[in-house]
Amino acid sequence: MSRLTIRVVLFYLMVILGLASLVTGLLLFFWPHGPRAGRIPLLGLTKGAWIDIHTYVSLLLVPVAVIHLLENRGCVILYIRKTLGLVD
């Protein structure tokens, strides 16, 4: 697999996982509160299931982001140097 293919796969994985984490996070944020609110199904899943999905998607996003940063470390270092004024 070429480096470009790896970068493209990492990019799309980060986009998909990031959007999934955002959507599930917003869903949980706006979920009704109360003693029986956790039993209300949304798309066939209860609040506990949505919490699990959000947790696993977010945990999967972390290593993908780290691999993405390592794969693009040259650009990241250049951005940092440029921001700190170390490079003209």
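The views below come from a predicted model.

**View 1. Phe29 and Phe30 form an edge-to-face aromatic pair.** The ring centres lie 5.0 Å apart, with 85° between the planes. Phe30 has 62% relative accessibility, so Phe30 counts as exposed. Phe29 counts as exposed too, because its relative accessibility is 59%. Helix H1 covers residues 3-29.

**View 2. Phe11 and Tyr12 pair edge-to-face.** The count of aromatic pairs comes to 2. Tyr12 sits in helix H1. Phe11 has a relative accessible area of 45%, so Phe11 is partly exposed.

**View 3. A nonpolar patch lies on the surface.** Its members include Leu4, Val8, Val15, Ile16, Leu19, Leu22 and Leu26. Phe11, Tyr12, Phe29 and Phe30 also belong to the patch. Together the patch residues have about 1200 Å² of accessible area.

**View 4. Leu43 has a positive phi.** Its value is near 55°. Most residues other than glycine have a negative phi. Leu43 lies in the loop between helix H1 (3-29) and helix H2 (47-71). The relative accessibility of Leu43 is 74%, so Leu43 counts as exposed.

Key. Residues are numbered from 1 along each chain as its sequence is written. This is a predicted model: local features need pLDDT of at least 70, side-chain atom pairs count only at pLDDT 80 or more; totals for chains, interfaces and linings use all residues. Side-chain values use heavy atoms; hydrogens and water are left out. Helices (H or I, at least four residues) and strands (E, at least two) are DSSP runs, numbered from the N terminus. Buried means under 20% relative accessible area, exposed over 50%, partly exposed in between (1.4 Å probe, protein chains only). Rings of Phe, Tyr and Trp (its six-membered ring) pair if their centres lie within 6.5 Å; planes under 30 degrees apart count as stacked, over 60 as edge-to-face and the rest as tilted. Patches are made of residues with over 30% relative accessible area and no salt bridge: like charges are joined within 9 Å, nonpolar side chains (Val, Leu, Ile, Met, Phe, Trp, Tyr) within 5 Å. Accessible areas come from the Shrake-Rupley method with a 1.4 Å probe; for residues, only the protein chains shown count as cover. A salt bridge is a side-chain nitrogen of Lys or Arg within 4 Å of a carboxyl oxygen of Asp or Glu.
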